[in-house]
Amino acid sequence: MNTLSEQALGMTDRDTLEALRSAPVTILQIGEGNFLRGFVDWMIQTCRAQGLYEGSIAVTQPRPAGKAKIEQLAQQDGLYTLITQGLENGAPVTRKETIQVFSHVFDPYSEWERLRTIAISEHLQVVVSNTTEAGLVYRPEALTDGPILSYPGKLAYLLHERYVAFQGDPGKGLVLLPCELLERNGDALKEAVLRYAEDWGFPEAFKTWVLAHNRFLNSLVDRIVTGYPAEAQAEAWFEEWGYRDAMLCTAEPYHLWAIEAEPELESLLPLRKAGLNVHWTDDLKPYQQRKVRILNGAHTWMAPIGLLHGVEHVRELLEHAWLGAEVKRTVLEEIMPSLPYDADELRAYAAAVFDRFGNPYIRHRLTDIAMNSISKFQTRLLPTIRHYGESGGPIPSGLALSLAGLIRYYRVEKQADGSYAGRTLGGVPYAVRDDARLLDRMASHWQQPDSKQLELGEIVRGLLADAELWGTDMSAWQGLSEAVAGEIERMERGGRDV
């Protein structure tokens with residue numbers, strides 16, 4: 001069976017590919033991984049298919065370790081198949097597309113001059129990246145004639161080369177669009193670039209040009225891109241299509257890209273015109289807050305209590321006899337009213353979230369979501385609990401239940417190998433992955449020398465008062481200690497219909 005390449009395409013698609021190869025490179029993409037291919041590249045494909053975008057993408061990998069993948073993509077003439085599958089308005093959908101957006105696919109570590117040539121091209125307009133959150137961090141690095149390892153370092157060098165090539169022309173600045181899951185990601189990238197410029201002695205005029213004529217845009221991306229499917233499914237598709245595709249990628253239907261910039265940038269990237277869920281906004285906070293409080297908050301609600309009850313996956317919890325209904329009720333009746341945004345928009349967003357959670361094609365493990373749950377709780381659920389606690393009223397029952405599940409999940413003991421383990425309500429052991437200092441602190445509350453004499457309510461009150469765990473003292477909030485202790489007792493007795 002042949003591998004996907006130009007030869008596997010029909011005549012119409014071959015003509016499209018030929019036109020792509022002659023198109024100017026308007027976007028430089030640093031990152032060959034699943035997410036960008038299932039998100040940004042799919043968006044550009046959508047724009048090109050509608051005749052809204054004429055440019056092409058040059059793609060490179062951010063680290064030397066990605067060489068094998070970039071070479072495989074190059075062997076496939078920059079082509080790959082994207083399968084979009086999941087629920088839309090509660091109905092299952094599956095769509096297949098051959099993505100054709102890459103006119104250049106290469107390893108920058110062996111073709112450094114090729115990267116430099118693209119960076120100083122008069123046609124280049126945008127640089128997109130996804131190098132993981134750690135990829136935007138500044139790390140001291142020497143300036144050499146050869147490849148630079150870090151992404152911000154590469155960008156500092158390439159921007160300087162562009163500045164020199166165009167003699168500081170104000171019209172030759174670029175739009176930088178990092179997709180890393182880091183708050184204020186554009187600001188973080190800009191700061192790192194300027195630190196490298198300082199380290200390497202680039203002139204003040206260059207730094208002024210970077211700040212005045214290049215746009216480092218903060219953005220929020222949201223789509224589950226699951227990458228290569230299970231082998232059996234992949235083989236079934238290959239048999240159906242008549243070709244193999246090592247770069248096959250799968251993604252959910254839902255997508256959101258909120259970009260902190262003026263809507264006039266649509267003239268550069270006509271994403272909304274193509275019907276995509278992209279928002280140019282002067283304030284990312286509403287998008288970030290509803291995602292953190294609703295989507296991420298629901299995940300953090302589900303993981304500890306679901307694992308205690310022997311539930312392994314998000315969809316399984318959503319279908320659970322009472323946990324599924326309870327997490328939905330908590331979101332709709334307790335979390336959403338605490339947010340200062342339009343109720344209809346929040347309901348629509350929540351409905352999309354639960355469609356995503358119920359996606360039959362994704363097996364999202366609660367053990368993965370449960371990692372570092374204490375810090376996740378601080379940012380995802382604690383602000384909502386604080387909203388009620390500091391108003392002087394009682395904490396709603398679903399939020400109290402989420403905290404009870406978390407505290408009971410962290411009833412851990414340190415093992416001989418230094419790891420920490422707890423037991424489900426059914427007595428099955430499980431490992432807990434979190435900061436060792438926080439795990440020690442949790443264990444110390446549960447395993448005090450006289451803990452057998454302590455009432456559960458006293459242990460819970462001590463835990464809630466521990467500002468080292470939560471960043472605040474929750475013990476004084478009306479009825480919270482009693483409600484949490486009561487939920488833990490009820491769980492231990494099997495008082496819910498589980």
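**View 1. A three-stranded open sheet, ordered β10-β14-β15**. In this predicted model, the open sheet of 3 strands has mixed pairing. Strands here are DSSP runs of E with at least two residues, helices are runs of H or I with at least four residues, and both are numbered from the N terminus. Two strands count as paired if DSSP finds at least two bridges between them. β10 and β15 (278-281) sit at the edges with a single partner strand each, so one side of each has no neighbour in the sheet. Ignoring direction, neighbouring strands are turned by 10° against each other on average, using axes fitted as lines to C-alpha atoms, with angles running from 0 to 180 degrees between N-to-C directions.

**View 2. Strand β10 up close, next to β14**. β10 (residues 219-222) points Ser219 and Val221 one way and Leu220 and Asp222 the other, and all are buried (under 20% relative accessible area with a 1.4 Å probe, protein chains only; exposed is over 50%, partly exposed in between). With β14 (residues 256-260), β10 pairs in the antiparallel sense over 4 bridges. Look for Ser219 with its bridge partner Ile259, and for Val221 opposite Trp257.

**View 3. The largest cavity, about 60 Å³**. A cavity is a set of points on a 1 Å grid, over the protein atoms alone, where a 1.4 Å probe fits but cannot get out; lining residues have an atom within 4 Å of a point. Points are joined across faces, edges and corners, and the volume is the space filled by probe spheres set on them. The count is 3 cavities of 30 Å³ or more. Around the largest cavity you'll find Ile224, His299, Val314, Arg315, Arg356, Phe357, Asn359, Ile362 and His364. Two or more of these residues come from each of α11 (314-318) and α13 (343-357). The lining has 4 nonpolar, 3 polar and 2 charged residues (nonpolar: Ala, Val, Leu, Ile, Met, Phe, Trp, Tyr, Cys and Pro; charged: Asp, Glu, Lys and Arg; polar: the others, Gly among them).

**View 4. The second largest cavity, about 40 Å³**. Its lining includes Leu28, Ala119, Leu124, Arg162 and Leu174. Helix α6 (residues 151-165) gives the largest share, 4 residues. By class, this lining has 8 nonpolar, no polar and 1 charged.

**Notes on the views.** Residues are numbered from 1 along each chain as its sequence is written. Local features need pLDDT of at least 70 and side-chain atom pairs count only at pLDDT 80 or more, while totals for chains, interfaces and linings use all residues, and side-chain values use heavy atoms, with hydrogens and water left out.

Note on methods: On a 1 Å grid over the protein atoms alone, a cavity is a set of points where a 1.4 Å probe fits but cannot get out, and a pocket is an open set with protein on both sides within 12 Å along at least five of seven lines; lining residues have an atom within 4 Å of a point.
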